[in-house]
Amino acid sequence: MSVTTSNATTSATAFARAQAVIPGGVNSPVRAYGNVGGTPRFLASARGPYVTDVDGNEYVDLVGSWGPALLGHAHPEVVDAVRDAAGRGLSFGAPTVTETDLVDEIRSRVPPAEKVRLVSTGTEATMTALRLARAFTGRDLIVKFAGCYHGHVDALLASAGSGVATLGLPDSAGVSAAVTGETIVVPYNDVEAVEAVFTEHGARIAAVITEAAPANMGVVPPLPGFNATLRRLTLTHGALLIQDEVLTGFRVGYSGWWGLEGLREGWSADLHTFGKVIGGGLPVAAVGGRRDVMNLLAPTGPVYQAGTLSGNPVATAAGLATLRLADASVYARVDAVSAQLRGELTAALSAEGVPHAVQWAGNLFSTFFGADAAAHGARDYAAVLATESWRYAPFFTSLLESGVYAPPSPFEAWFVSSAHDDDAVGRVVAALPAAVRAAAQA
Ligand code: PMP
């Protein structure tokens, strides 16, 4: 008695209408199902671990708004905080106490973020981090890793993951060669390649930017010691290390990826970027780090950065309520659900004889198909692109039709929340055998 959620007639009508007036019918590319086919589901509402589409189908959500929904959707206390804040006014363009409260909450979890500037999107946060690094060092070059996504900043749209990986674009049109010419792209997890870049260009490198644990080419965890090596090399050569925790921050643990690695090993980056969870579903992101670097921002210093809606009172209220609720028990639950689903995925794929690797970083995980992935894991973007990613479309579609909303791309992490109770997890587990068979037959 499986659920069937294949009726998408209202979504199809909505999509046709949207396509006439919105490029591709969507306001962010991966939502268009370009990589999996079929009708993108237009969502009407969401609660806890479930989303409901405009045809009335309910799905267990494994996207979680691409990260923010750590507590599940529409957590009553977060919604109350938003309602209270909204009742006091939507936007002032003047400072509010909630902004400092949110920054204090971030700093208490990641003390190396000595000072923090709030912005509205992860893209702004990484863009500001690069500008700060260049101003602080007086150097121009940026090192990034193939397959790491840091938002749609021009300089970082060289060999990016996420939507860019999904669409198979090597880069983006409209980005000048002059801009990406100051970006050096290095294979992920490749210490020798990073060393070689520093040997050749060390004196010109302003910063290395990296996802603290990459999850935008699927999940490709840093090999033990990789991030620490980046820290050592940047220190040696006078460059800054920027750890992008827009996705991992306050999701993979109380203190983000830094809490799982840097804190334990006794090091930290110079600049950290955050987003997603710190807005609890509304637009808040941040760049934080060393006081001397952060003080370069206007109005204290000469680096210009600003935003009409930066630190918006409703958005910061949502983020603050979310972080205050995200205690150890929340992370324990998210970790447990992730571990259970990884185990179930592995068991189901093995039962059908589908070669695969379920890779994970904290509670983020994704599945790569193919014998190479099974044998060696996918440790960098080239390995990811060599996986049998075509098996994902039928896998995804089967899950969708059984009431499970997985990310509509093989190159994205799966997100679970503390609201994923046994019933929601059970529904995913029940949907796996058919989905795995579809993947096997592809
Ligand atoms: N950095 C990382 C690691 C991300 O995952 C993302 C978004 N997925 C961004 C930056 C960009 O954030 P935003 O979409 O809010 O601009």
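Start with α3 and α12, which cross in a left-handed way (left-handed if the near helix is turned anticlockwise from the far one by less than a right angle, right-handed if clockwise). To find them, select residues 97–109 for α3 and 313–325 for α12; they pack at an angle of about 35°, with their axes 9 Å apart. Axes here are lines fitted to C-alpha atoms, for helices over the stretch in contact, and angles run from 0 to 180 degrees between N-to-C directions. Helices (H or I, at least four residues) and strands (E, at least two) are DSSP runs, numbered from the N terminus.

Before you click on, note that this is a predicted model: local features need pLDDT of at least 70, side-chain atom pairs count only at pLDDT 80 or more, and totals for chains, interfaces and linings use all residues. Residue numbers start from 1 along each chain as its sequence is written.

Now show side chains at that crossing. From α3 you want Thr98, Glu99, Asp101, Leu102 and Glu105; facing them in α12 are Pro313, Thr316, Ala317, Gly319, Leu320, Leu323 and Arg324 (contact means C-beta atoms, placed from the backbone, within 7 Å). That set splits into five nonpolar, three polar and four charged. Ala, Val, Leu, Ile, Met, Phe, Trp, Tyr, Cys and Pro count as nonpolar, Asp, Glu, Lys and Arg as charged, and the others, Gly among them, as polar.

Next, select 392–401 (α16) and 422–441 (α17): their axes come within 7 Å and cross at roughly 155°. Pro394, Phe395, Ser398 and Leu399 of α16 touch Ala431, Ala434, Ala435, Ala438 and Ala439 of α17. The tally is eight nonpolar, one polar and no charged.

On to the open sheet: four strands in the order β1-β2-β3-β13, with mixed pairing (two strands pair if DSSP finds at least two bridges between them). β1 (43–47) and β13 (404–405) are the edge strands with a single partner each, so one side of each has no neighbour in the sheet. Zoom in on β1 and β2 (residues 50–53), which run antiparallel and are joined by four bridges. Ala46 sits opposite Val51 in β2.

Last stop, the ligand. Of the 16 residues around it, Gly122, Thr123, Gly151, Val246 and Leu247 come nearest (near means a C-beta atom, placed from the backbone, within 6 Å). Colour helix α4 (residues 122–137), which gives the most to this shell, with three residues. By type, the shell has five nonpolar, nine polar and two charged residues.

Note on methods: Contact = placed C-beta atoms within 7 Å.
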